[in-house]
Amino acid sequence: MTETQARPTGVAPRLVGTSVPRKEDLALLTGTARFVDDIRLPGMVHARILRSDVAHARVRTVDTAPALEVPGVLDAMAGAELVGKVKPWGDLMQDLLVGDHFPFATDKVLYQGQELAAVVAETPHQAWDGCEAVRVELEELPAVVDPEEALSPTAPLIQEQILYEFGEGNVFDRYKVRVGDFAAAEAEAAVVVRQRFATNKQAGAALEPHGCVADYDSFTGVLTLYSSTQSIYMVRDVLADVLQIPRTKVRVLVPAVGAGFGSKAQIFAHEVIASLFSMRLGRPVKLMLPRADVFRAGTTRNAQVHYAELAMAADGTITGYRDYIVHNTGAMSVWGNQVVHIGTNVGMLPYAIPNVHVDSDIVHTTTAPGGPLRGFGIPQAIWVKEQLVDMAARELGLDPLAVRERNVIDPAEFPYRTPMGHVIDSTSIKRCLQTCADAIGWDAPRAPYEGKGLAVSMKYTSARHPSLDTDLSAVRLRLETDGTVTIYSSDVSHGQGHATMLAQIVADGLGVGIEKVSLAPPDSMTAPFGLGTYASRGAAVLGTACRLATQRLRDKVLAIAAHVLEVAPEDLDTGNDRVFVKGLPDTGIYLEIIAATAAYRTHQLPPGFEPTLEAVATYDTPTEREAPDGRGNLSVTYSGAAHAAHVRVDPDTGRITVLDYAMAHDTGTVINPLIVEGQHHGGFAMGLGMVLSEDYVYDEQGRLLNASFKDYLAVTATDVPELSKTVEIPAPSTMIPGGQKGAGESGTGPVPAAIGNAVFDATGIRFTTLPITPQRMLVALREKERRGVETLRYPDDMPDFRGPRQHTDWPSPVASDADLDLDFDWEDD
Amino acid sequence: MRPFTWLTPETTEEAVALLRAHGEGARVIAGGQTLLLAMKERLVGPSHLVSLARITDLAGITTEPDGALVVGAATTYAALTRAELPGWQRRLSEVAGDLADRPVRNRGTIGGALCAADPRFDMPAFAVGVDAELRISGAAGERALPAHEFLVDAGRTALGQDEILTAVVLPPLPTWDVVVFEKFRHRVFDAAIASAVCALRREDHGVPASLRITVAGATPTPTVVLVDAAADGAAAAESAVAAVRLDSSDEATRYRRELVHTLVRRVVDRAHAQQGSV
Ligand SMILES: Cc1cc2nc3c(=O)[nH]c(=O)nc-3n(C[C@H](O)[C@H](O)[C@H](O)COP(=O)(O)OP(=O)(O)OC[C@H]3O[C@@H](n4cnc5c(N)ncnc54)[C@H](O)[C@@H]3O)c2cc1C
């Protein structure tokens, strides 16, 4: 796993590849890390948002005047007064002509939890009193919770203000893939398996709620926003645009962040509201979201309905995949439509499927906004495709392991381009598959009610998003005058351990002790422009920028040392905080001296050397834009993941226990195995929640029934089995200079499918909907016993199932191939 | 939360007087593990909180001459877990040690759980299951009620506004030979979806003389199921399912019915299989 490289004796061993304990941990473990809610600025006041309790309604009145009478209340606002003064947003990432987001609902409420008004007061409780005093009249409209109902011509229209490309209706966007010829593959296949699958709406459930402190300086006109976010520049740029002020007048700073998982990867209304209040009052304003608000108004994993088909030849070769995906993006969503693009494109891996035909209708419902969440559509795609693989293997009487061994990418030569367009620069996925299957004893007989399941995936390492043609990160380094190094980056670390990972890269590259390297907090006034932390991009994209900046800084250091020592730079090396002549590591000049020289004794510098020691580097991945047929190499490299699950089902309670779980990953060159293993374990836990317990439960009026950690069944430590079988089989990336690949999300993708397949193996029940709760499990078992059948689909074979049970009854895509006909009217269809 | 006045009486009489003096706006607070959560969300907003923390008589466990175990209402789960109790009464410690999480057990009390009367909590099920008696102090004096009469409906008890639950009295050891408790919950700290208690008394030669089965979680208050003392798990489970009358055919109800069946079968079979006073 460690890059082996000859190095001079006496030089500290390389840190990249070693489990350096995280620099972040001491503060986190001792409770001294400072989060947004720990910020207390002089004169700070507190805001609270009044949110709609109904899901879909016409706004008749929002009268904030009574709130102003409440003791302690300083100001209040609602939507109407802001129209024409602040700019809607949402267009940047969605390719919309105009934004669909606004700080408050103005004429319509689109989901429960949408902002109606806000109040700012001396204390949080007075602000709450003020919210209670706001007079609201809403005229409730029918809710649309089910994404397939949203497609019906008779469904209530949700977004009335926006004219979409596809005419009136709840279709927000469409997506399609046309690779090869699925119809031909279907005709020639030995078997075509078909199944409808529905995935769940999972919460980000970051422990730290969303929140911010806005601090407007009325003298300089600079608005400083401290926020719990994953991306300072996306927040800054959108916020400045919304407020119509120059970007130089908005400064976004991020203290410690208690995770995001994708749920903090955009700007939110509360950040705009706090800013507006601070600008109006000239005082710092804190706005922390209560947990229920985070559930209702944060972003969630997009729920999807798939009508999926997989064609397989008699020898087990996968020859085609067809899918119609109804993608629920909630009432509005900044990133939501992107999830189906990338989730599908990358979700076809780790197979090189020659014929792929996918249509997707991306619809609005009156539910919480959908968006990115650990895996960005891939866990959904893998849940569907990997179960179809098992179904096809069983129909052909083949071993699911053997079928996967036959199909996973294992080319004779790299780079290898798949029919879908991915350029695979390296992979060990086949060995990962065999290793994890062996680890749980795939071939051993199963006890009653026990079963084993496999799933494989490949996760992108960052991505060029179809509607955002960029994939860059940047690092600036400064060798300080005492020989310490400061790293500036705008890619917020919210659990990824950037302070450690980047310091390892710098320490190795510059020969400086890791204790001398620090990461500055993300600050848009000082950090170089970067996109933020999401999409498993930290180690590979930000890490590469850091590596480049380190090389540039090293070159400068060597130039000074060469001048002082009167040798050629090529004859010098670095290590132990020194620059020395190669082979003489115990001599040389301390970096401290060189740095001080560059700043304070500039006449000693080489002629023409520009003083001070800073270096900046930006890395934009050499990725492709998505082609109209869905093809494209959207990601610079891909991390393989093969998972094997061994489960037991309690036939009396329906509880599913994961007895054993093996994960074999290819994360390329691992910078810090401790961090990467932690990411895999956390990724597994989120996958476990997705498959066994987590979901947004709505009633028919669109009210969320489980908006608290008491009722929302997020996974906890005791639910996670011993994950002692987590191994890396590295195939270093050849695209990324250091060989690393993304780590943060590969642990999630295969989990639902591996466990779903294991549950089928244990019980003969194929779950086609998520999550597989004990309730569903037991009711399905009883139904199976009642019927005396060998296998059963849940819920498709249940007596009260209302959806299409057979392939012949499946709906066709609303979009189909008629996309380009702008007059297309589906009412006549 | 809304502002409130914090009162710390040192005797039960004083506490009762405070409840009376401040009327509807006054609430008893024991561990606060139910009440504070509701106050935080502004679901309730008492003007006065009468804390039981300083009333020393209300916390702790004593044994009456007849062997009845008197558990102060303000005894925390943590204290119950540490107590060394004889025979089947030990089940109280085990139940207290296997609910919620450590911070909640350090504060939450047996009396608070009974007064909260949440059908999914463990102590109401256990108290009805072993036929405990609840002691109450009020302005009108003292009274006692069997646990199943104390629990009136989900979230509702027989307590008057100015009454305080002072103790939970477990019957003397000879009342039961074996007590078994089982529950089903999603996560380790979640309240139970369903729970069941089996209390079994045998005659001298070991023949079952009395079998008390209690089912909770699935119904608004714990349900005592009448069965023949010799009933085995399967038979008792059938009776229990009939008794809880979960007739609706929706999936959640069907599931509760199944759980009641499973849990009752398990507690009864386990009870019959155990010997001595356990
Ligand atoms: C995270 C979490 C997990 C939990 N899991 C479980 C679980 O698994 N099983 C379970 O059974 N419970 C569970 N609970 C609930 C917990 O057991 C109850 O919150 C606790 O028992 C209530 O006791 P308390 O002393 O905190 O009551 P308080 O919150 O102080 O009071 C509750 C109610 O009873 C009243 N009251 C309290 N004491 C008296 C008294 N002596 N006389 C008159 N009125 C009184 C109060 O006025 C209030 O209305 C959980 C709670 C939490 C927060």
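# A tour of chains A and B

Start in chain A by selecting helix α11, residues 378-395, which lies across β8, β14 and β15 of chain A and runs at about 145 degrees to β8(A). The model on your screen is a predicted one.

**Stop 1: the sheet under the helix**

Now select the strands. They belong to an open sheet of five strands in chain A, in the order β7-β16-β15-β14-β8, with mixed pairing. Which strands stand at the edges? They are β7 (171-179) and β8 (191-198) of chain A; each has a single partner strand, so one side of each is left without a neighbour in the sheet. From one strand to the next, the twist averages 5 degrees. As background, strands of a sheet pair through backbone hydrogen bonds, either parallel or antiparallel.

Strand β16 of chain A covers residues 355-363, and eight bridges join it to β7(A); the two run antiparallel. To see one facing pair, select A:V171 and A:V363: A:V171 stands opposite A:V363, which is in β16(A).

Next select helix α10 of chain A, residues 336-347. This helix lies across β7, β14 (303-312), β15 (318-328) and β16 of chain A, and its direction is at about 15 degrees to β7(A).

**Stop 2**

In soluble globular proteins, nonpolar side chains tend to be buried together. The largest nonpolar core here has 133 residues, and A:Y321, A:Y661, A:I755 and B:V264 have the most contacts inside it.

Select B:V264 and show what surrounds it. Leaving out residues up to four places away in sequence, B:V264 touches B:A196, B:I213, B:V215, B:A236, B:A237 and B:A240. There is also a second, separate core of 45 residues, and A:V512, A:C546, A:A549 and A:L605 are among its members.

**Stop 3: backbone exceptions in chain A**

Most residues other than glycine have a negative phi, and most peptide bonds are trans.

- Select A:L770 and A:P771. A cis peptide bond joins them, with omega at about -5 degrees. A:P771 is in the loop between β31 (765-767) and α19 (774-787) of chain A.
- Select A:Y794 and A:P795. The peptide bond joining them is cis, and omega is about 5 degrees. Look for A:P795 in the segment after β32 (792-794) of chain A.
- Select A:Q244. This residue is not a glycine, yet its phi is positive, about 55 degrees. The loop that holds A:Q244 lies between α7 (232-243) and β11 (250-253) of chain A.
- Select A:F376. Here too phi is positive, about 45 degrees, although the residue is not a glycine. A:F376 is found in the loop between β17 (370-371) and α11 of chain A.

Is A:Q244 buried or exposed? With a relative accessible area of 52%, A:Q244 is exposed, because the cut-off for exposed is over 50%. A:F376 has a relative accessible area of 5%, so it is buried, the cut-off being under 20%.

**Stop 4: where the chains meet**

Show both chains. In the interface, 21 residues of chain B are in contact with 25 residues of chain A. Together the two chains bury about 2,100 Å², 49% of it on carbon and sulfur atoms. Select B:R42, B:R187 and B:E251: they supply 31% of the area that chain B buries against chain A, more than any other three residues.

How many salt bridges are there between chain B and chain A? The count is eight. For one salt bridge, select B:R266 and A:D652, whose side chains meet at 3.6 Å, N to O.

**Stop 5: a sheet and a loop in chain B**

Finish in chain B with an open sheet of three strands, ordered β1-β3-β2, with parallel pairing. The edge strands are β1 (5-7) and β2 of chain B, and each pairs on one side only. The twist averages 25 degrees from one strand to the next. Three bridges join β1(B) to β3(B), residues 48-51, and these strands run parallel. Select B:L7 to find B:V50 of β3(B) standing opposite.

B:A30 counts as partly exposed, at 33% relative accessibility. Apart from neighbours within four places in sequence, B:A30 is in contact with B:L52 and B:T109. B:T76 is 46 residues from B:A30 along the chain, and their C-alpha atoms are separated by 9.0 Å.

Definitions and conventions
Residues are numbered from 1 along each chain as its sequence is written. Chains are lettered from A and ligands numbered from 1 in the order in which they are written. This is a predicted model: local features need pLDDT of at least 70, side-chain atom pairs count only at pLDDT 80 or more; totals for chains, interfaces and linings use all residues. Side-chain values use heavy atoms; hydrogens and water are left out. Two strands pair if DSSP finds at least two bridges between them. Helices (H or I, at least four residues) and strands (E, at least two) are DSSP runs, numbered from the N terminus. Axes are lines fitted to C-alpha atoms, for helices over the stretch in contact, and angles run from 0 to 180 degrees between N-to-C directions. Contact means heavy atoms within 4.5 Å. A nonpolar core is a set of buried Ala, Val, Leu, Ile, Met, Phe, Trp, Tyr and Cys residues joined through side-chain atoms within 4.5 Å. Buried means under 20% relative accessible area, exposed over 50%, partly exposed in between (1.4 Å probe, protein chains only). Buried area is the accessible area (1.4 Å probe) that two parts lose on being put together, summed over both. A salt bridge is a side-chain nitrogen of Lys or Arg within 4 Å of a carboxyl oxygen of Asp or Glu.
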